[in-house]
Amino acid sequence: MRAHRKIGAALATAALAVGFGAVAAPSAGAAAGCWTNDGGIRWYCNNVSGAPVYGIIGNNHSYPDPGKIVGYMYSNPSWFYCKEDGQAWVGGPHPTRWLMTVADNGQLGFMKDTAIYSETDPVLDCYR
C-alpha cells in the first residue's frame, strides 16, 4: 500500500509540473497584421479561401447585411478597403468587426473579421 502512495504522489507531482509548464510556456505570437502597398487605399490580409462576402443594408455602404451573401472570396491574400466596428456580432477577437471588400464576382460587400487570419487592427476605419 505504501508503494502505491509513493507512486501516486510522484504522478501527482509530475502532473502538476507538466500543468505549470504548460501555463508558463510562451504562447504563439499574434498573427501578422494586414499590410498596404499604396498608402492605405487597399489593405491586404490573409483570409479563409471561399469565405462569403455579405451585402450591404440599403444604399448606405456602412452597414453589412449578415443575412445576404453577395459573393465569395477565393483569393488569399485578399484586399480590403476598410474596417467597420460596432456592426452585427461575428465573434472572435473583434466581435463586431467587418471589412469592406469586393467579392470575386465584383460585388461590393463585407467579410466577417473571423474569416481573416491576419490581425485587422492596422486596416483604416471606413469613416475616419
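Burial here goes by relative accessible area: buried means under 20%, exposed over 50%, and partly exposed in between (1.4 Å probe, protein chains only). The model is a predicted one, so to speak of local features takes a pLDDT of at least 70, while side-chain atom pairs count only at pLDDT 80 or more, and totals for chains, interfaces and linings use all residues. Residues are numbered from 1 along each chain as its sequence is written, and side-chain values use heavy atoms, with hydrogens and water left out.

Side chains of opposite charge can pair when their charged atoms come close. A salt bridge is taken as a side-chain nitrogen of Lys or Arg within 4 Å of a carboxyl oxygen of Asp or Glu, and the count under this rule is three. Helices (H or I, at least four residues) and strands (E, at least two) are DSSP runs, numbered from the N terminus.

Take Asp121 again: its side chain meets that of Arg97 in a salt bridge, 2.9 Å from N to O. This pair links distant parts of the chain, with Asp121 in the segment after strand 8 and Arg97 in the loop between strand 6 and strand 7, 24 residues apart. Arg97 also has a salt bridge with Asp85, again with an N to O distance of 2.9 Å. Asp85 and Arg97 both lie in the loop between strand 6 and strand 7 (98-102), so their pairing ties together parts that are twelve residues apart in sequence. Through shared partners, Asp85, Arg97 and Asp121 end up in one network. As for cover, Arg97 is buried, with a relative accessible area of 6%, whereas Asp85 is partly exposed at 37%.

The remaining pair is Lys83 with Asp125, whose closest N and O atoms are 3.4 Å apart. Here, too, distant parts of the chain are linked: Lys83 belongs to strand 6 (residues 82-84), Asp125 to the segment after strand 8 (108-112), and 42 residues separate them. Lys83 is buried at 7% relative accessibility, and Asp125 is partly exposed at 37%.

Away from the charged pairs, Ile69, Tyr72 and Tyr74 make a nonpolar surface patch of about 310 Å². Patches are built from residues with over 30% relative accessible area and no salt bridge, joining like charges within 9 Å and nonpolar side chains (Val, Leu, Ile, Met, Phe, Trp, Tyr) within 5 Å. Accessible areas come from the Shrake-Rupley method with a 1.4 Å probe, and for residues only the protein chains shown count as cover. Tyr72 sits in strand 4 (residues 64-73) and is partly exposed, at 35% relative accessibility.
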